[in-house]
Amino acid sequence: MPIEISVILPVYKCEECLEILIKRLFESLNIITKEFEIIFVNDASPDNSWDRLLEFSQNNSYIKLIDLSRNFGQHAAITAGLANASGEWVVVMDCDLQDLPEEIPNLFTKAQKGYDYVLAERVVRKDSLYKQMTSRIFYRVLSYLTDTKQDTTVANFGIYHRKVITEVLAMGDQIRFFPLMVKWVGFNGTKL
């Protein structure tokens with residue numbers, strides 16, 4: 001059977017939450033389909049995340065692992081996952097449980113209404129005040145430099161049809177910022 005949903009998770013300092021994350025992913029994905037894969041991309045995490053992932057994947061064919069040779073950054077890790085995903089739909093999310101696995105069925109349902117991608121809106125983030133402020137500044141500068149309106153309430157968490165992912169990968173840019181690339185390729189998207 002073809003894979004219906006691939007989930008891409010860049011991994012960095014997430015050792016403590018991996019077990020509960022995997023459990024919640026399985027519960028959420030099984031609501032939609034039995035044909036899914038979960039792709040963890042270790043971005044040279046300095047903790048024991050990789051060892052834990054090896055342990056969880058030993059007897060689980062749903063879990064696939066990619067181990068990057070050094071820390072390339074979140075968007076490069078996302079790209080590595082996208083390049084290895086085989087699902088018709090691809091979910092990209094963080095692995096620190098700030099992106100809720102329970103939202104995946106809602107994203108999928110909304111996408112079935114004719115959207116090529118659906119982005120999850122951030123309501124509450126557990127980031128420090130410093131990180132929130134620097135994010136706002138970053139998005140304002142990015143909006144100015146790219147002459148596009150950037151929405152600070154969305155990030156990577158969303159569901160994307162295979163045709164969107166194919167076009168993003170075809171861009172071949174060395175410097176990647178996934179949310180901007182998704183907008184750039186011009187498909188029909190919305191927020192949840």
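How many aromatic pairs does a search of the whole structure find? In this predicted model, the search returns five aromatic pairs. The views below show two of these pairs and their surroundings.

**View 1. The stacked pair of Phe36 and Tyr62.** The ring centres of Phe36 and Tyr62 lie 4.5 Å apart and the planes meet at 20 degrees, so the pair is stacked. The two residues come from distant parts of the chain, 26 residues apart: Phe36 belongs to strand S2, and Tyr62 to the loop between H2 and S3. Phe36 counts as buried, at 3% relative accessibility, whereas Tyr62 is partly exposed, with a relative accessible area of 29%. Ring pairs join Phe26, Phe36 and Tyr62 in a cluster.

**View 2. The stacked pair of Tyr117 and Tyr160.** Here the ring centres of Tyr117 and Tyr160 are 6.2 Å apart with planes at 20 degrees, and the pair is therefore stacked. Tyr117 in strand S5 and Tyr160 in strand S6 are 43 residues apart. Both Tyr117 and Tyr160 are buried.

**View 3. Helix H1 and its cover.** Helix H1 spans residues 18-32 and reaches 21 Å from its first C-alpha to its last. Its buried residues include Leu21, Leu25, Phe26 and Leu29. The elements covering the buried residues of H1 include strands S1, S2 and S3 and helices H2 and H4.

**View 4. Strands S2 and S3.** S2 and S3 pair in the parallel sense over five bridges, and Ile39 stands opposite Lys64 in S3. The chain passes from S2 through H2 to S3 in a right-handed β-α-β crossover.

**View 5. Arg70 and Phe72.** Arg70 lies over the face of Phe72, 4.0 Å from the ring centre.

Conventions. Residues numbered from 1 in each chain as written. Predicted model: local features only at pLDDT ≥ 70, side-chain atom pairs only at ≥ 80, totals over all residues. Heavy atoms only, no water. Helix = DSSP H or I, 4+ residues; strand = E, 2+ residues; numbered from the N terminus. Expected span 1.5 Å × (residues − 1). Buried < 20%, exposed > 50% of the residue type's maximum accessible area, 1.4 Å probe, protein only. Contact = heavy atoms within 4.5 Å. Pairing = 2+ DSSP bridges. Right-handed = clockwise from strand over helix to strand, strands pointing away. Phe/Tyr/Trp six-rings, centres within 6.5 Å; stacked < 30°, edge-to-face > 60°. Lys NZ or Arg CZ within 6 Å of the ring centre and 35° of its normal.
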